[in-house]
Amino acid sequence: MGWAIAVHGGAGDIPLSLPPEKRLPREAGLRRCLDVGIAALKAHNHPLDVVELVRELENNPHFNAGKGSVLTTSGTVEMEACIMDGKTMKCGAVSGVSTVVNAISLARLVMDKTPHIYLAFDGAEAFAREQGLETVEMSHFITPENIERLKQAQEADRVQLDYTQPIQKEVPKDAALADGDSQIGTVGCVAVDNEGNLATATSTGGIVNKMVGRIGDTPIIGAGTYANHLCAVSATGRGEAIIRGTIARDVAAVMEFKGLSLKEAAAYVIDQVPRGNAGLVAVSSTGEVAMPFNTTGMFRACATEDGYSEIAIWDSPTK
Amino acid sequence: MGWAIAVHGGAGDIPLSLPPEKRLPREAGLRRCLDVGIAALKAHNHPLDVVELVVRELENNPHFNAGKGSVLTTSGTVEMEACIMDGKTMKCGAVSGVSTVVNAISLARLVMDKTPHIYLAFDGAEAFAREQGLETVEMSHFITPENIERLKQAQEADRVQLDYTQPIQKEVPKDAALADGDSQIGIVGCVAVDSEGNLATATSTGGIVSKMVGRIGDTPIIGAGTYANHLCAVSATGRGEAIIRGTIARDVAAVMEFKGLSLKEAAAYAMNRVPRGNAGLIAVSSTGEVAMLFNTTGMFRACATEDGYSEISIWDSPIE
């Protein structure tokens, strides 16, 4: 046993030709988050507090969460986030957040300060103000890259799942949702301390050009986010496939009901998802880590108490 | 094998002393919905159409907490949610924060059929409804005097009320706000399977009395209140937060698949993991079995199978 932490910055069709100016800032962002998380675990912070480091990824404009969120079809930002405690199974989720600097912290407040689990849109925004959370103009979250992505997606008349290669004009319209689309779209963190306390947190801007009001997998307990006494999971990829596949819940269910290890369970679940659609990070109560994906790549990093650490984008998928 | 259908009008602390004027209209509502569903199955309608049809009937019935008759938010408004899922294709649709659409379940169906998404909420859902030409009305259409009274009582008691309840005991301590004493009826749902094993589920609700504006419950959460795959179709009811944590609907199917349990065993297994007084569910399997379990005082429910069996109940054998 021992503590363990894993972080992701989204799975998808990340081109192997990703230029350094896009790759390096993200690797640096993952490295910084990993260091923040490791320090917090070494200082014996509770995993719930550790995974709230997702705030760092939200503040980093290179990831699709918080600042840097992709835009709806109306050019607006509607963020969602979710947090869950494996021991108590308390959880909190928000959707349709447009002015709150850190949606994950709002989700945490829903969990800690209300009798509910999930608040959305106007109600979530009102609660944020009641609680004195930091809010800003929506323009704060919008980056030039995302304005460009929205423009490209609308020109291609299809839903774009975030970072993508330049759009091929000859791609037929009905390939709109084909595997050619890049699918990076979420940030997340899972952590376990050396007493087996587990927690998970996920945050996202959603998918480029999404319909106003569209909710994805991130705030859906059991889909993009889940933790119980066995493991903590944060998933990323095509939201609709993750919801149908109840990905995060299934990892724990398969461990419990089929007796699989974390790595086996995580691989099993990802295998059930159509290729090109998903990835996840997970830790178990005994300090194991799994980071499988069936997309081209997944921005990820992990570390365990025995000194192992890793930052990767491609390499051995579905491991 | 053969077709099967089950319908529920909510699980909760339904008092055994429920007066006839509250009990009879609900039983009649369940009976009518069951008949509508049976006729549709006999006419070989697809289960997706069957469950939508039945839930629309329940939404239109002011005696149930969905559509007309929805409970109110703390601001006295209506925010409805609904969800539908097809077991064979695993396509699904969900909506939340719907305030003017007469049949939220039909809006959820349109999200499933007409968009690349699964779930739309609040302003976006309302705008989509209008684009699609769905019937919309003033929000006042859904508000009944009983629900205005429930909200008033809940606010006086300063606690979240999970729908129908006994008159509030003034001596109930504030911290019992979320204790099992609260009645927990709060949802309508329908599950159906045809003689070819096609499965579908649909759930619809107004939520919980005095909920915070913007609060989303278990109904639109795939795997919590609503789920279907090739093995079974499930619709859950009760305390939303417990159903979400417990991923009830998904667990029934998961336990059938991963532990090889029958539908009834799997439903009992999933229910046993939920704290007493919190939930109920209805489910049908691809082979035409039916399960209707609850760990609350009662659950308004009805079911029928092709062999001629049918049942309408409120209390009786819980966790059978």
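Nine strands make up an open sheet of mixed pairing, in the order 7(A)-4(B)-3(B)-2(B)-6(B)-5(B)-1(B)-12(B)-13(B). Strand 7 of chain A and strand 13 (310-313) of chain B stand at its edges with a single partner strand each, so one side of each is left without a neighbour in the sheet. Here strands (E, at least two residues) and helices (H or I, at least four) are DSSP runs numbered from the N terminus, and two strands pair if DSSP finds at least two bridges between them.

This is a predicted model, in which local features need pLDDT of at least 70 and side-chain atom pairs count only at pLDDT 80 or more, while totals for chains, interfaces and linings use all residues. Residues are numbered from 1 along each chain as its sequence is written, chains are lettered from A in the order in which they are written, and side-chain values use heavy atoms, leaving out hydrogens and water.

**Where the chains meet**

- In contact (heavy atoms within 4.5 Å) are 37 residues of chain A and 38 residues of chain B.
- The buried area between them is about 3,400 Å², with 69% from carbon and sulfur atoms; this is the accessible area (1.4 Å probe) that the two parts lose on being put together, summed over both.
- Three salt bridges are counted between the chains, a salt bridge being a side-chain nitrogen of Lys or Arg within 4 Å of a carboxyl oxygen of Asp or Glu.
- D250(A) forms a salt bridge with R250(B), their closest N and O atoms being 2.8 Å apart.
- Several elements of chain A each supply at least two residues of the side that touches chain B, among them helix 5 (121-130) and helix 8 (247-258).
- Helix 8 of chain A gives the largest share of that side, six residues.

- Strand 7 of chain A runs antiparallel to strand 4 (residues 119-121) of chain B, joined by two bridges.
- I215(A) stands opposite Y119(B) in strand 4 of chain B.
- Within chain B, eight bridges join strand 1 (residues 4-12) to the antiparallel strand 12 (residues 298-305).
- A6(B) stands opposite C303(B) in strand 12 of chain B.

**A second sheet, in chain A**

- Four strands of chain A form an open antiparallel sheet in the order 8-9-10-11.
- Its edge strands are strand 8 (225-227) and strand 11 (289-290) of chain A, each pairing on one side only.
- A282(A) stands opposite A290(A) in strand 11 of chain A.
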